[in-house]
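Colleague: I am new to this structure. Could you show me how to read a helix pair and a pocket?

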Amino acid sequence: YPLARRQPLFIIQLVSHILADIVFITLLMHASGGVVSGVGMLLVVNVANGSMIAGGRTPGLFAAIASLALLIEQSYTAMTKPGADINYSLAGMLGITLFATAILAHVLASRARESEALARQRSVDLANMAQLTDYIIQHMQTGVMVIAPDSRVRLMNSSAEHLLNTQVTASNTLLQDFSPELHQQLQEWQENPGGVTRPLHIDG
């Protein structure tokens, strides 16, 4: 519900969730025998997810807090359980992995967002180009028609309508419905593309 309403701010909710996960995974790792249990690798997934969503310096913050949680867990275990298996080297390596994961995930997410923005801009450009092309075609003095293989009219500019003395109001109208002569010539050309096309005279 708070995510849908975005109250509090999304970044506050994101940081809160990631920090809660870090605390939970650290406690689970401590209960499972420390960093040597391998449970700490779940922090990598947690930091990666948060880094892909967050921007700015937040990914570094996630990695730093997770690394600090590892060191605190190891130090707490060393003080409370003198005979426990303490491995600061493994905790340090896991911390380096967390920072590397945060940086990589942030870079990949940034590139994905840039690609999405570029694709959105390209779609706008293509839509504008299509509108410009349609405008140019409609205002050409030369008659232009686009006919589908099934003889349905996909496009007809105003000059073509004037030359054929007709106005196609419905889309996908069959060519033979308003110009049988032109449809016949089209069929003749389709049957013999290399033949000589005879002039078409339309009574206006």
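Modeller: Gladly; we take a helix pair and then a pocket. This is a predicted model, where local features need pLDDT of at least 70, side-chain atom pairs count only at pLDDT 80 or more, and totals for chains, interfaces and linings use all residues. Residues are numbered from 1 along each chain as its sequence is written, and side-chain values use heavy atoms, with hydrogens and water left out.

Colleague: At what angle do the axes of helix 3 and helix 4 cross?

Modeller: Helices are DSSP runs (H or I, at least four residues), and strands are runs of E, at least two, numbered from the N terminus. Axes are lines fitted to C-alpha atoms, for helices over the stretch in contact, with angles from 0 to 180 degrees between N-to-C directions. Here helix 3 (residues 42-53) and helix 4 (residues 58-80) have axes that come within 9 Å and cross at roughly 160 degrees. Helix 3 is therefore roughly antiparallel to helix 4 (angles over 145 degrees count as such).

Colleague: Which residues of helix 3 and helix 4 meet?

Modeller: Contact means heavy atoms within 4.5 Å. From helix 3, L43, V47, G50 and S51 meet P59, F62, A63, A66 and L70 of helix 4.

Colleague: And how much space lies in the largest pocket?

Modeller: On a 1 Å grid over the protein atoms alone, a pocket is an open set of points where a 1.4 Å probe fits, with protein on both sides within 12 Å along at least five of seven lines; lining residues have an atom within 4 Å of a point. The largest pocket holds about 260 Å³, the space filled by probe spheres set on the points. Its lining has 15 residues, with G143, M145, L164, L182 and L200 closest to the centre. Helix 8 gives the largest share of that lining, four residues.

How values were computed
Parallel < 35°, antiparallel > 145°, perpendicular 65-115°, else oblique.
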